[in-house]
Amino acid sequence: MVFIVKGAEKKYTETDSVTVYVNKVGPYANPQETYHYYSLPVCRPVKIVSKDLTLGEVLSGDRMAQSLYEIKFNEEIANKQLCSLTLNIEELNAIRLAIEEHYYFEFVVDDIPIRGFVGEVEETNLFPHKHHILVYTHHHFDFHINNNQIIYVNISTKDHPPVSLDDESLTSIKLEYTYSAKWHKTETSYKDRAKYIANTGFFPKTLEVHWLSVINSMVLVFLLIGFVVIILSRILKNDLNRIGDDEDDGSVEEENGWKIIHTDVFRFPHHRELFSSIIGVGCQFLSIFSGILLFAFCGMFTVHRHGSLMASGVILYAFTSCVAGFMSGRIYRQLQGEHWTWNIILTANLFTIPFFVIWCVINTFAWAHGTTQALPYTTVLILVFMWLFVGFPLTVIGGIFGKNCSSNFDAPCRTKNIAREIPDVTWYRSNFARMLVGGFLPFSAISVELYYIFSTFWGREQYMLYGILTIVFLILLSVTACISIALTYFQLASEDYRWWWQSIISSGSTGIFVFFYAVFFYLYRSKMTGTLQTLQFFGYTLIGCYVFFLMLGTVGFFSSLRFIRYIYINIKMD
């Protein structure tokens, strides 16, 4: 894994060439709508030579190719011609349209992404409205080096005025493209260049260290957890003391609340195959998220390691399939399931099939638009083979081990053959009300961090606050567990023993609130437009919310199960 995401350090001598790779262009407002740089009428070599890309780079939409820039290490360039380009009417309209839509480009030098705008639109009169379209024909490179290594690169258009494209009568135009390079010494070491790059980015600094908001969330969470623990402990203590007093007095008091359903509370749920599969896949995503945080603390995800986060997620998903198979098989065995083949197949496809369907729709639209987000067929085959020959077999192996290593379900109370009738409850004690409470409270604990996650994932900056993310992740799991325990107790107190599915649905409903927040973010916190960008945003956000449902639903189930075992093992039943 380290080898896949971590590249070797590049060291130069005075005569070495510094390769400038062109990558992609796209509208500034739509981060995922990117096209190959050579899709625009720009300077290009006679034969385009593409760079060999890693899996993560392809998945993140990178399509690097060699350029015409000729730069030697530590060699100053004053004003060198890149090419002389004559644009016809179609190419002229294409470059005008790109500038009007605020296209930016991305180059890559020594694994460092550098970005700039293709041109600029200069607004003049308000009424009648006029604007001037200007194209940049000069690129200036500022290299910051430490000994024989490149630390940082910046690109600009200074000291060279742009060329106007306003004349509508033009049928062709000749543009002279030039470039220059300047070298600067820096004391920043190579190992610290990721922080240096992150602090000198091209895009606006919408991210900041937000410890105050996180601390505020932590205080609210601790208060909430303390409230739940104190209230439930007092209620349970009173209930258990009442039972002990009745036994000492020899009196017979009619049981009520959670005690009266002790013969039904461990009655197995319906649709055991689906239930076990949800728990298995939820455990898998908990493992994936923990693994990603571990890799982040090892320094594997930095600005100049393109697509390392995405590649790590794909590889972790394949190799943690054994976790899904093991936990699903273990739970299914405890629930006395019989259709083992169907359980394994459902576990292997519970996330894969919905993801594949949504991805196919998005990739088809991306292919039709000609964007770099459309995966080439070779990458698709690699992913399919990885699932067929790694993910699916590991799910089967894990399921076999889970079945053979698990014992029967150890219930503190015996279950009667005839189920007890469930009384009616008021609306605020209904399953729907519990689902709203169980989803909203965990969402409120992470709502602040969600803004930063959405801003980076649906922007172009890379998320770097993994310490804060770990704290928020632990807060989310703690709140989910506590709320699930509280809601399960209130459900049992109303003599409703159908807690199995309800514990998953109540906790997993946080994903619904995350989706509602995504709609709010798209409408009021972003400037994304267009069919393709909208489809990508809501398609992949829907997948993310589905992951939230599986992961938090699993946490809610295990918390409720542990709580129910505790309260029923501490009372004596006839």
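Predicted model: local features only at pLDDT ≥ 70, side-chain atom pairs only at ≥ 80, totals over all residues.

Next I looked up where Ala 366 sits, and I found it in helix α10, which covers residues 352-369. I then listed its contacts, leaving aside the neighbours within four places in sequence, and noted Thr 371, Gln 373, Ala 374 and Leu 532. I also checked Ala 366 against Arg 272: the two are 94 residues apart in sequence, and from C-alpha to C-alpha they are 38 Å apart in space.

My second entry is about two helices. Two packed helices are described by the angle between their axes and the distance between the axes, and I looked up both values. For α6 (residues 272-297) and α9 (residues 340-349), the axes come within 9 Å and cross at roughly 40 degrees. That angle makes α6 oblique to α9, and the crossing in which α6 passes α9 is right-handed. Which residues make the contact? On the α6 side I noted Glu 273, Leu 274, Ser 276, Ser 277 and Val 281, and on the α9 side Trp 342, Asn 343, Leu 346 and Thr 347.

My third entry is about aromatic rings. A pair of aromatic rings is described by the distance of the centres and the angle of the planes. With a limit of 6.5 Å between ring centres, I recorded a count of 56 aromatic pairs. Tyr 12 lies in the loop between α1 and β1, whereas Phe 73 lies in the loop between β5 and β6, so the pair ties together parts that are 61 residues apart in sequence. Both of these residues, Tyr 12 and Phe 73, are buried.

For another pair I turned to Tyr 332 and Trp 340, where the centres are 5.0 Å apart and the planes stand at 90 degrees, so this pair is edge-to-face. Tyr 332 and Trp 340 are buried too.

Last, I looked for charges over rings. Lys 10 lies over the face of Tyr 12, at 5.3 Å from the ring centre, and the charged end of Lys 51 sits over the ring of Tyr 21, 5.1 Å from its centre.

Technical notes: Residues numbered from 1 in each chain as written. Heavy atoms only, no water. Phe/Tyr/Trp six-rings, centres within 6.5 Å; stacked < 30°, edge-to-face > 60°. Helix = DSSP H or I, 4+ residues; strand = E, 2+ residues; numbered from the N terminus. Buried < 20%, exposed > 50% of the residue type's maximum accessible area, 1.4 Å probe, protein only. Lys NZ or Arg CZ within 6 Å of the ring centre and 35° of its normal. Axes fitted to C-alpha atoms, helices over the stretch in contact; angles between N-to-C directions. Parallel < 35°, antiparallel > 145°, perpendicular 65-115°, else oblique. Left-handed = near helix turned anticlockwise from the far one by under 90°. Contact = heavy atoms within 4.5 Å.
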